[in-house]
Amino acid sequence: TGKVTSKVGVTWSELGTETAEWLAKEIGSKSKIIAVYGPAGVSVAEDIRESARAVFAKRGVDVVAEVRANNPAPAEIAVANALAANPNIDGVYSYGWGNCAGALRALIRAKRPLVPIVGENYNAFLKLWAENSAKGFRAMATGEPNDVSTLSLQVALRELEGHEVPRGVEVPS
């Protein structure tokens, strides 16, 4: 929209590329994964999905199931169903809305190997990761920095004070 003064945040497609590259390096080519994305049509979820899919195609990673969820409980159910249909997976790519916690819970409850998971800095996921790290569980968790809200407020105040502000402010992930 033309009414936006400035957009402050990470570039989600870059975050999707970075996290998908990590998982592809962890598991190698010819691996099979389950991918869990946020709701269809949400720009953040779509940006992450498209960039991750490009990495997986380039690196020879087979996405055997792709599911959508918007919080840990639906993600757990969706991943449990995907696990039932795909007994041999090498990793899980999960991003958004705490879906990673649901994905890890699904693996634990199904008594499946704890394959590498990409997730975000969601507290329940971080706690499950810590609880299972002694068993060799590997993961990556990242997200939008907490200070984005502070930076957004600073940009808004500068605009209100009559200063010119950039139309977009990219924050490193």
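Reader: Which residue forms a salt bridge with Arg49, and how far apart are the closest N and O atoms?

Author: Start with the general idea: side chains of opposite charge can pair when their charged atoms come close. The term salt bridge is used for a side-chain nitrogen of Lys or Arg within 4 Å of a carboxyl oxygen of Asp or Glu. Here Arg49 pairs with Glu46, and their closest N and O atoms are 3.9 Å apart. This is a predicted model, where local features need pLDDT of at least 70 and side-chain atom pairs count only at pLDDT 80 or more, while totals for chains, interfaces and linings use all residues. Residues are numbered from 1 along each chain as its sequence is written, and side-chain values use heavy atoms, with hydrogens and water left out.

Reader: Why are Arg49 and Glu46 separated by about one helical turn?

Author: An α-helix has 3.6 residues a turn, so residues three or four places apart point the same way. Arg49 and Glu46 are 3 residues apart in helix H2, so about one helical turn separates them. Helices are DSSP runs of H or I with at least four residues, strands are runs of E with at least two, and both are numbered from the N terminus.

Reader: Which residue forms a salt bridge with Arg53?

Author: That partner is Glu50, with 3.9 Å between the closest N and O atoms. Arg53 and Glu50 are also 3 residues apart in helix H2, so again the separation is about one helical turn.

Reader: Which residues are linked in a network of salt bridges?

Author: Glu46, Arg49, Glu50, Arg53, Glu66 and Arg68 are linked in this way. Over the whole structure, a search finds 10 salt bridges.

Reader: What does the salt bridge of Arg59 tie together?

Author: Arg59 pairs with Glu21, and their closest N and O atoms are 2.4 Å apart. Arg59 lies in helix H2 (residues 43–59) and Glu21 in helix H1, so the pair ties together parts that are 38 residues apart in sequence. Glu21 is buried, at 15% relative accessible area, while Arg59 is partly exposed at 26%. Contact means heavy atoms within 4.5 Å. Leaving aside neighbours within four places in sequence, Glu21 is in contact with Val55, Lys58 and Arg59.

Reader: Now the strands, please. How many bridges join S2 to S3?

Author: Two strands pair if DSSP finds at least two bridges between them. S2 and strand S3 (residues 62–68) run parallel and are joined by 6 bridges. The chain crosses from S2 through H2 to S3 in a right-handed β-α-β crossover. Right-handed here means that, with the strands pointing away from the viewer, the path from the first strand over the helix to the second runs clockwise.

Reader: Which residues of strand S5 are buried on each side?

Author: In a regular strand the side chains alternate between the two faces of the sheet. In S5 (residues 117–120), Ile117 and Gly119 are buried on one side, and Val118 and Glu120 on the other. S5 pairs in the parallel sense with strand S4 (residues 91–94) over 2 bridges, and with strand S6 (residues 139–142) over 4 bridges. Val92 has Ile117 as its bridge partner in S5, and Glu120 stands opposite Thr142 in S6. S5, helix H5 (residues 123–132) and S6 make a right-handed β-α-β unit.

Reader: How many residues of helix H4 are buried?

Author: In H4, 8 of 11 residues are buried, and the helix is mostly covered. Among the buried ones are Cys100, Leu104 and Leu107. Their cover includes strand S2 (32–37), helix H3 (72–85), S4, S5 and H5. Lys111, which follows H4, has a positive phi, near 55 degrees.

Terms used. Buried means under 20% relative accessible area, exposed over 50%, partly exposed in between (1.4 Å probe, protein chains only).
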